[in-house]
Each structure stands twice: as structure tokens, then as C-alpha cells.
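Open the model in your viewer and follow the stops below in order.

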Amino acid sequence: MAAAVRLFVLRTVRGSPGPAVGLRGARLPVWNLPRFRHSASSSQGHDAAASEEKSTHFGFETVPEGQKAERVYKVFESVAQKYDVMNDAMSMGIHRLWKDALLHTMNPLPGTRLLDVAGGTGDISFRFLDYVHSQEARRWRREARALQTPSWKEIADSYAPRAKGHRESRAVVCDINKEMLKVGRQRAKDLRYTTGLSWVVGDAEELPFDDDQFDVYTIAFGIRNVTHIDKVLEEAHRVLKPGGRFLCLEFSRVSNPLLSRIYDAYSFQLIPVLGEVIAGDWKSYQYLVESIRRFPDQETFQSMIEEAGFFRVRYHNLTAGVVAIHSGFKL
Ligand SMILES: C[S@@+](CC[C@H](N)C(=O)[O-])C[C@H]1O[C@@H](n2cnc3c(N)ncnc32)[C@H](O)[C@@H]1O
């Protein structure tokens, strides 16, 4: 039964704390507060500029582009402390399986450099470190078993991290929101992730990293919150090494009309209520549900990733399209 549920959830396929590597000059040092571009101003010149400013959506509201980042910031500042509990409550724990699926798609090798943008409280990076460490441990066990009549020294050597040629796997969690990162750092301490992890405040639209730095770029449930998706994709392309992989896990479009209606009823009627009961915050969770509906569907998003210069762009749906994983390569 459990296996069947897991299959339903996952199939429906189509189509050491310290400085981060390659931090870009002085653009956005660790723990700097993000700067927001306000559209409203008392001066006449600014009023004229504001009236010409493009608008965008914040959930179902239309807002001037310059206001969106600040409003999104406030949402995550408000939910940060309850973010992980709410994720479990809203998805009945299924977000864990979706995140595991992202790691299985990534299948990282030991030595991989990951940039996890909009990384929040660190879920993807923690999974990444667990994954590569379990791969390494499996390999060392295999090698130890393969030794015939090994001495104690040979066994100990086969388990020890390779000094020569050993490249540490590293994850950089980058997020615009200091509060989300603060919760993440505390979780890392509690869960004893002591090495291979850095936390950087940064805007996905203007990443504080040099070009060609990372093997893998992930963004999970983050890209629907940004103002300019195209800029985020351009930045992802810039910071990846040639051969590097872009992976995005995001809510998407349920194509089955019956499931879609059930999903809508659940999202709009239950999630804000859960937000109020668990986190005392109806409005933020109303925004989260609305933002999901404003995000482009699977095919449109695939085209946007291709336009940003990625190759071999593919996606697969999880849970009937409630979420999708998009993948592309920088060649
Ligand atoms: C729904 S949370 C996802 C967190 C984490 N990736 C996860 O899967 O649990 C969305 C995150 O996106 C971040 N975010 C929103 N806009 C951003 C931007 N322009 N640059 C970087 N992070 C951003 C928020 O601060 C928040 O932590």
C-alpha cells in the first residue's frame, strides 16, 4: 500500500560553514540585507517614473514591479519560523518525497559543487550532502569488501577520506531572506551538518558569484516568487560551469480536470486555514497558493529555460503535475 502511494506521488512522468566559493566582488557580501527598489516616492520625478513602471503580479494582486520583492520578502520573513512545520502540514509530508525525487534526478557525484538558490531553510542542500556521503560510504564499503584477506590498516585506509585527489562536495545555500537562512543555519547545527555547507544572502536575479563556478544549480519552490524569471535563468546560466546542470522543482499545472478541481478546493480552502491555525498567518499562505496559479505551465517554462541558453531541457511531472522537475544543461 505504502509503495503504491509512493508510486502515485512520484510517477506520472512525461515528456563547513565559511565563505562560499567564488563570491562576486563586493556586490552582496554574506549577511548583507537585500536592497529593494521602491516605486513609490514623494518627489515628482519619482512619481512620473513610478507611473511608467511596469506592473507584475503578487499572487492575484497586480503591483508595481518595484514592490514585489519587498512584499515577497515580508511573506517569508513572517513564515520563516513555522516554514518547515507548515510544509509538512500543507503537503502531508509529500514535499519530502518531491525533494528526494529532485536528488535522484540530480544523482550527484562526490566532489560536486551545488548552488541551491532560494534555498531557504536548507532542505535541498541537506539532502544533497546526505546523498553524496551515502554514495561515498557505499563505495568505500565495496572497496573494503573487495580486498582479499585485508589487514586492519587496509580496512582503515579504505574508509578514510582520500587525501589525494579527494574533492569535497559542497553546497551553497543562497537566499534573499535573512530570516529563512537563520532558521536554516540553526537546523544545520541541530542536524550536525558541520562541513561542506555555506549560507549566503543573495538575490536570484543578481547572484553574488563569479561566472562558471558550480556543477549544479537548484531552485526549489523559489522561482515563482521572483519578479523576473528570465533574469533568474540568465544568472543560473552564468554561474554554472560549462557542462553544469540546472534543476528546478516547482509547483506546476495539473492537467486532469477532476484532480485539478480537487487540488484547487484543497489549496484555496484549506491551506490559508492551516496557515492561520499553525502560523497565525492567513495572508502569507493565501499568497503562496495564488502564486502557484500565476506560475507558467510546464511547456511555457521549458521554453523559457531554452531561451536562457540551456540545452536538452526536459521536465517530468510528480503527483499528476502538482509539481514538476525541469532540467537543462549549460554546454
Ligand atoms: C517556498 S521557499 C523554498 C525554500 C526551499 N528551497 C525549500 O524547498 O524548502 C521560497 C524561498 O525563495 C526565497 N526567495 C524569494 N525571492 C527570492 C530571490 N529573488 N532571490 C533569492 N531567494 C528568493 C524566499 O526567501 C524563500 O526562502
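**Stop 1: helix 3**

Select Gly66, Gln67, Lys68, Ala69, Val72, Val75, Phe76 and Val79, which are the buried residues of helix 3. This is a predicted model. Now show the elements that cover these buried residues: among them are strand 1 (55–58), strand 2 (61–64), helix 4 (83–91), helix 8 (178–190), helix 10 (257–279) and helix 11 (282–294).

Next, check the length of helix 3, residues 65–79.

**Stop 2: the hairpin**

Select strand 1 and strand 2, which run antiparallel and are joined by four bridges. Which residue of strand 2 is the bridge partner of Thr56? The partner is Val63. Between the strands of this hairpin there are two residues, and Gly59 takes a positive phi near 60°.

**Stop 3: the ligand**

Select the ligand and the 20 residues that surround it; the closest are Ala118, Gly120, Asn177, Ala204 and Ala220. Helix 3 and helix 6 (123–146) are the elements that give two or more residues to this shell. Colour the shell by class to find eleven nonpolar, five polar and four charged residues.

**Stop 4: Ile325**

Move to strand 9 (residues 323–329) and select Ile325. Is Ile325 buried or exposed? Ile325 counts as buried because it has 23 C-beta neighbours inside 10 Å. Among the residues Ile325 touches are Ala101, Leu102, Leu247 and Tyr315. Leu102 lies 223 residues from Ile325 in sequence, yet their C-alpha atoms are 7.0 Å apart.

How values were computed:
Residues are numbered from 1 along each chain as its sequence is written. This is a predicted model: local features need pLDDT of at least 70, side-chain atom pairs count only at pLDDT 80 or more; totals for chains, interfaces and linings use all residues. The expected span of a helix is 1.5 Å times one less than its number of residues. A residue is buried if 20 or more other C-beta atoms lie within 10 Å of its own, exposed if 12 or fewer, and partly exposed in between; C-beta atoms are placed from the backbone. Two residues are in contact if their C-beta atoms, placed from the backbone, lie within 7 Å. A residue is near a molecule or strand if its C-beta atom, placed from the backbone, lies within 6 Å of it. Ala, Val, Leu, Ile, Met, Phe, Trp, Tyr, Cys and Pro count as nonpolar, Asp, Glu, Lys and Arg as charged, and the others, Gly among them, as polar. Two strands pair if DSSP finds at least two bridges between them. Lists of a residue's contacts leave out its neighbours within four places in sequence.
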